[in-house]
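Biologist: I have a model open and would like to go through it with you. Can we start with how contacts are counted, then work through the parts?

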Amino acid sequence: MAIQIYGYAGSTCCGRVLLTLFEKNVDDYKISHVDLYKREHKSPEFLKHQTENGPIVQHDGQRVSSRTTMRNPNGIGSTEFGSAFSWETSNSIEAPRVIILLEPTSLGPLTILKPFGETPYVIDGDLTLFESRAIARTYARKYADRGTALYGSSPQEEALVEQWLEVEAQHYDSAISKIVYNLLFYPKFGLPCDHGVVAEQMAKFEAVLDVYEKRLSESKYLAGDFFSLADLSHITYTYYFIEIAHRGAVFDSRPHVKAWIADLFARPTTQKWLKLGGHIP
Ligand SMILES: N[C@@H](CCC(=O)N[C@@H](CS)C(=O)NCC(=O)O)C(=O)O
């Protein structure tokens, strides 16, 4: 059965999933386009598919959410919720990933952390999965014996791939995604770019790049002298940052990072993604 991918092929997170499948020579997939600019990913229909494994919350008579993790703003901890709450999703871009429960509970007002109506998610047989890095890891492991060895060839290499995947998610993405959102996506949603945030995150990003420059002067790729899932995970946001937001000058004083990026962009799989996403004709 084909892997069903819900998202926009050219987006940064959907791209991460597609690049993984391409590296693994998996072509049994279908993409169901979700139009982010029409906010289709905030529709009850979309949310329903992200949340099918647990107690159900009704909203206007529709099943819209189920088992998830909630955080009490007062820091009491996580819990699960039952079926009795009324709630609303926030379509506000300032808080696009937060859903507030309206009913008072024993824990007070609660914030649901996930799922938040983001793309992509996949349906693969009985499995429904969101979070692009989790999806990428899943297929890198499931298809370990074909295509590119995205976790290297030893437990030590796999450990380093995991480490650099975390660096990407916790440090690199943390800065670059805020810059790209402000410069590119918010204006497309009709919202202002916060130049203060851009400046603040650029400073953080440069500090991250200094770490990368040192690392990449020691090995060709992040986890060693082999291309891995950790490198792959950087490609899509970096493409938007350089080629669409035109912020590539920041790499000029970091030759090892610059060469690494050129290598990543030249991969046939990156070129395939750019064609599929409509970035290049
Ligand atoms: N951590 C999530 C982030 C998902 C995410 O931010 N997806 C973007 C597309 S790349 C999205 O749906 N943005 C629309 C929004 O947040 O409203 C993942 O890696 O899957």
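Modeller: Two residues are in contact if their C-beta atoms, placed from the backbone, lie within 7 Å. Keep in mind that this is a predicted model.

Biologist: With that cut-off, what share of the contacts between residues at least 6 apart in sequence join residues at least 24 apart?

Modeller: That share is 65% in this chain.

Biologist: And how many helices and strands does the chain have?

Modeller: There are nine helices and 11 strands. The chain has 281 residues, and 33% of them are buried.

Biologist: Let's do the sheet. In what order do the strands of the open sheet run?

Modeller: The order is E2-E1-E10-E11, four strands with mixed pairing. Strand E2 (29-33) and strand E11 (127-130) are the edges, each pairing on one side only. On average, neighbouring strands in this sheet are turned by 20° against each other, direction ignored.

Biologist: Mixed how? Which pairs are parallel or antiparallel?

Modeller: E1 and E2 are parallel, with five bridges. E1 and E10 are antiparallel, with three bridges. E10, residues 121-124, is also antiparallel to E11, with four bridges. In general, strands of a sheet pair through backbone hydrogen bonds, in either sense.

Biologist: Is strand E1 enclosed or open, and why?

Modeller: Strand E1 (residues 3-7) is largely enclosed by the rest of the structure, because four of its five residues are buried.

Biologist: Which residues stand opposite isoleucine 5?

Modeller: In E2 the residue opposite isoleucine 5 is isoleucine 31. In E10 its bridge partner is valine 122.

Biologist: Which residues other than glycine have a positive phi?

Modeller: Glutamate 131 is one of them, with phi near 80°. Histidine 246 also has a positive phi, about 55°. As background, most residues other than glycine have a negative phi, and most peptide bonds are trans.

Biologist: Where do those two sit, and how exposed are they?

Modeller: Glutamate 131 is in the loop between E11 and H3. It has 17 other C-beta atoms within 10 Å, so it is partly exposed. Histidine 246 is in the loop between H7 and helix H8 (255-266). Histidine 246 has 9 such atoms within 10 Å, so it is exposed.

Biologist: Switching to the ligand. Which residues come nearest to it?

Modeller: Ser11, Cys13, Glu118, Thr119 and Ser132 come nearest, out of 11 residues around the ligand. Helix H1 (12-23) and helix H3 (132-142) are the elements that give two or more residues to the shell.

Biologist: How does that shell divide by residue type?

Modeller: Into three nonpolar, five polar and three charged residues. Thr119, among those nearest the ligand, is also one side of the cis peptide bond.

Biologist: And the core? How many residues does the largest nonpolar core have?

Modeller: It has 53 residues, and those with the most contacts inside it are Val17, Val161, Ile176, Val180 and Leu229. Helix H4 (residues 155-188) gives the largest share, 11 residues. In soluble globular proteins, nonpolar side chains tend to be buried together.

Biologist: What does isoleucine 176 contact, leaving aside neighbours within four places in sequence?

Modeller: Phe205, Tyr237 and Phe241.

Biologist: Last one, isoleucine 242. Where is it placed, and what does it touch?

Modeller: Isoleucine 242 is in helix H7 (residues 235-244). Not counting residues up to four places away in sequence, isoleucine 242 touches Arg247 and Gly248. Isoleucine 261 is 19 residues away from it in sequence, and 10.0 Å away in space from C-alpha to C-alpha.

Biologist: Why is isoleucine 242 called partly exposed?

Modeller: Because isoleucine 242 has 17 other C-beta atoms within 10 Å, and a residue needs 20 or more to be buried.

Methods
Residues numbered from 1 in each chain as written. Predicted model: local features only at pLDDT ≥ 70, side-chain atom pairs only at ≥ 80, totals over all residues. Pairing = 2+ DSSP bridges. Axes fitted to C-alpha atoms, helices over the stretch in contact; angles between N-to-C directions. Near = placed C-beta within 6 Å. Nonpolar A, V, L, I, M, F, W, Y, C, P; charged D, E, K, R; others polar. Core = buried A, V, L, I, M, F, W, Y, C linked by C-beta atoms within 7 Å. Buried ≥ 20, exposed ≤ 12 C-beta atoms within 10 Å, placed from the backbone.
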